[in-house]
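These are my notes from a first pass through the structure.

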Amino acid sequence: MQPAVEFRNICKAFGAVQANADVSFSIAKGSIHGVIGENGAGKSTLMSILYGYYNADSGALLIDGQAQDIRTSQQAIALGIGMVHQHFMLVENFTVLDNVMLGTEGGFKLASHRAATEAKLREICTRYRLDVDPLAKIEDLSVGAQQRVEILKQIYRSANILILDEPTAVLTAQETASLFEILRLFKEQGKTIVLITHKLGEIMEITDEVTVMRAGRVVGAVQTATTSKEELANMMVGRPIQGELPRAPYNPGAAVLEVSGLQLQDAAGVRLLADIDFTLRAGEIVAIAGVSGNGQSELMQILSGMRLPSGGKVALLGTELPYAKRSDADGLPATFRKLGIGHVPEDRLRDGVIKDFSVMQNTVFGYQDRVCNRWGLFDFKAIAARCGDLLKAFDVRPANPDLRIGLLSGGNQQKVVIAREVSAKPKLMLVGQPTRGVDIGTIESIHTQLLKMRDEGVAILLVSVELEEVRALADRIIVMSGGRITGELKIEEFDTTRIGLLMGGMHKT
Ligand SMILES: Nc1ncnc2c1ncn2[C@@H]1O[C@H](COP(=O)(O)OP(=O)(O)OP(=O)(O)O)[C@@H](O)[C@H]1O
């Protein structure tokens with residue numbers, strides 16, 4: 001059978017970076033094909049070429065055996081290619097129906113056309129078990145449901161080849177399971193799926209074949225049934241990945257963070273956090289586990305000074321944090337940083353980096369006062385030297401301090417944020433979803449960094465929806481549900497069923 005897609009000797013460079021180098025492989029029709037590789041390996045670039053967003057410098061692209069010169073996304077869509085991006089392309093205050101109709105020909109406003117489209121969407125939702133209401137507004141939908149809208153949009157546009165770029169990075173375990181069910185149905189209908197993911201468990205679970213990329217090249221192609229997670233990891237990173245990382249014995253010191261009776265209500269009086277009490281000591285990692293949207297983000301925002309609590313107290317090294325002093329010219333987050341609170345925000349694009357600034361500027365963002373000379377002016381030489389050291393120590397690729405950070409791959413942006421916060425030597429480190437969208441080699445190096453900080457006596461509060469990550473790092477686990485702490489476990493008591501019950505709101509035990 002003709003492959004659905006064939007890449008032949010695709011090359012694409014961005015300046016000095018060869019993002020794709022002589023890439024050749026085929027994707028069988030009616031299969032689920034995984035594409036894996038380290039951050040910056042060139043996966044997204046290749047998919048953007050398939051989707052007409054970038055044009056290859058050389059090489060050929062065949063769709064159903066026919067050579068195609070796809071110059072625009074419209075051409076790709078006309079050829080039956082659909083893409084679900086990492087960041088959804090939906091208009092928040094429009095309904096699902098309006099979002100689907102946007103950009104398609106036909107009378108947006110014609111009532112008969114709207115009714116016909118709505119009926120067709122309902123039919124697709126039933127056929128693919130999509131569980132989306134066409135008349136719901138996007139802003140009222142969960143992340144998982146918004147992703148289903150993106151898939152619905154593609155199916156409505158008759159996509160036969162669906163590209164998903166790290167679709168599960170923002171999903172809960174349950175949402176991932178239901179996405180996979182949809183993908184299996186899609187495959188049963190003879191359609192083709194290209195799945196980019198860093199999660200090798202997912203590759204093993206759902207794909208038929210896997211292509212491995214490294215530094216812009218294809219370094220391996222295997223049938224999933226004949227490989228293993230370890231072999232894939234090895235191919236991706238070029239070295240075996242360690243299992244458990246070494247750490248010093250658990251020996252917590254003095255209390256660094258004391259949270260008591262913390263409350264948060266939103267403007268409408270809805271309780272977002274209720275009666276949060278816990279203590280975090282020097283030299284320990286406490287993980288907050290929970291399904292996202294249960295108050296963890298709000299807690300991190302309060303502790304980093306991005307949001308004010310409605311009640312309760314927070315003390316750092318015995319001194320209450322100055323929430324009342326809002327007149328501080330620097331703003332609370334800057335004040336908190338000066339007090340020794342480092343913060344790796346959950347949403348790196350919104351809160352962690354300034355996309356249009358250079359990598360170097362981003363390494364000082366938030367710590368400007370530390371890189372001034374004795375006249376209070378920026379010491380550019382020192383900034384450049386420090387940046388060079390950080391890029392090397394944290395293996396940021398490409399190690400180009402002048403590149404706009406928005407042009408780095410997601411995982412490499414994350415390395416810059418972590419490098420900046422670790423190098424500021426905080427006493428308390430707040431870490432939100434540190435390895436979202438990050439490849440396994442980099443996860444290992446980020447985890448190693450965090451464990452090293454812990455062993456050096458830093459108190460670390462980790463928020464992660466990945467239980468594997470919680471298990472790899474935490475000394476203690478606090479579970480949150482509905483804005484409350486529902487339970488606490490020592491790492492020796494780690495038990496996914498118990499944590500799952502606590503996440504579901506089962507009360508304190
Ligand atoms: N528009 C651009 N301008 C300059 N460089 C770019 C551009 N887009 C991508 N790159 C570079 O090309 C290389 C490949 O990036 P790409 O996003 O394809 O990697 P990836 O494998 O998808 O990574 P990740 O897993 O982190 O998403 C990286 O070094 C990246 O910095």
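Predicted model: local features only at pLDDT ≥ 70, side-chain atom pairs only at ≥ 80, totals over all residues.

**Entry 1: the sheet with S1.** I started with strand S1 (residues 3–14) and found 8 bridges joining S1 to S2, the two running antiparallel. Next I traced the whole sheet, which is open, has 4 strands in the order S2-S1-S4-S5, and is paired in the antiparallel sense. Which strands stand at the edges? I found S2 and strand S5 (66–67) there. Each has a single partner strand, so one side of each is left without a neighbour in the sheet. I then checked for a helix against this sheet and found H1, which touches S1, S2 and strand S4 (58–63). The direction of H1 makes about 115 degrees with that of S1.

I then took the pairings one at a time. Strand S11 (residues 255–265) pairs with S12 over 7 bridges and with S14 over 5 bridges, antiparallel in the one case and in the other. What stands opposite Val 259 in S12? I found Phe 278. Looking towards S14, I found Val 314 as the bridge partner of Val 259.

The last pairing, S14 with S15, is antiparallel and has 2 bridges. I noted Leu 316 opposite Thr 319 in S15. S14 and S15 form a hairpin with 2 residues between them. In the turn, I recorded a positive phi of about 50 degrees for Leu 317.

**Entry 2: Leu 135.** I looked up where Leu 135 sits and found it in the loop between helix H4 (111–127) and helix H5 (143–156). Is Leu 135 buried or exposed? I counted 12 C-beta neighbours inside 10 Å, and Leu 135 is exposed because a residue with 12 or fewer falls in that class. Leaving out residues up to four places away in sequence, I found that Leu 135 touches Thr 95 and Leu 97. I also took the separation between the C-alpha atoms of Leu 135 and Leu 299, which is 33 Å. Along the chain, Leu 135 and Leu 299 are 164 residues apart.

**Entry 3: around the ligand.** How many residues surround the ligand? I found 18, the closest being Phe 14, Asn 39, Ser 44, Thr 45 and Ser 409. Sorted by class, the shell has 7 nonpolar, 9 polar and 2 charged residues. Strand S2 (17–28), helix H1 (43–50) and helix H14 (410–423) each supply at least two residues of the shell. The largest share, 3 residues, comes from H1. H1 is also the helix I had noted packing on the sheet in Entry 1. By domain, the shell draws at least three residues from each of domain 1 (3–237) and domain 3 (352–414).

Terms used:
Residues numbered from 1 in each chain as written. Pairing = 2+ DSSP bridges. Buried ≥ 20, exposed ≤ 12 C-beta atoms within 10 Å, placed from the backbone. Contact = placed C-beta atoms within 7 Å. Near = placed C-beta within 6 Å. Nonpolar A, V, L, I, M, F, W, Y, C, P; charged D, E, K, R; others polar. Domains from an automatic or database assignment. Axes fitted to C-alpha atoms, helices over the stretch in contact; angles between N-to-C directions.
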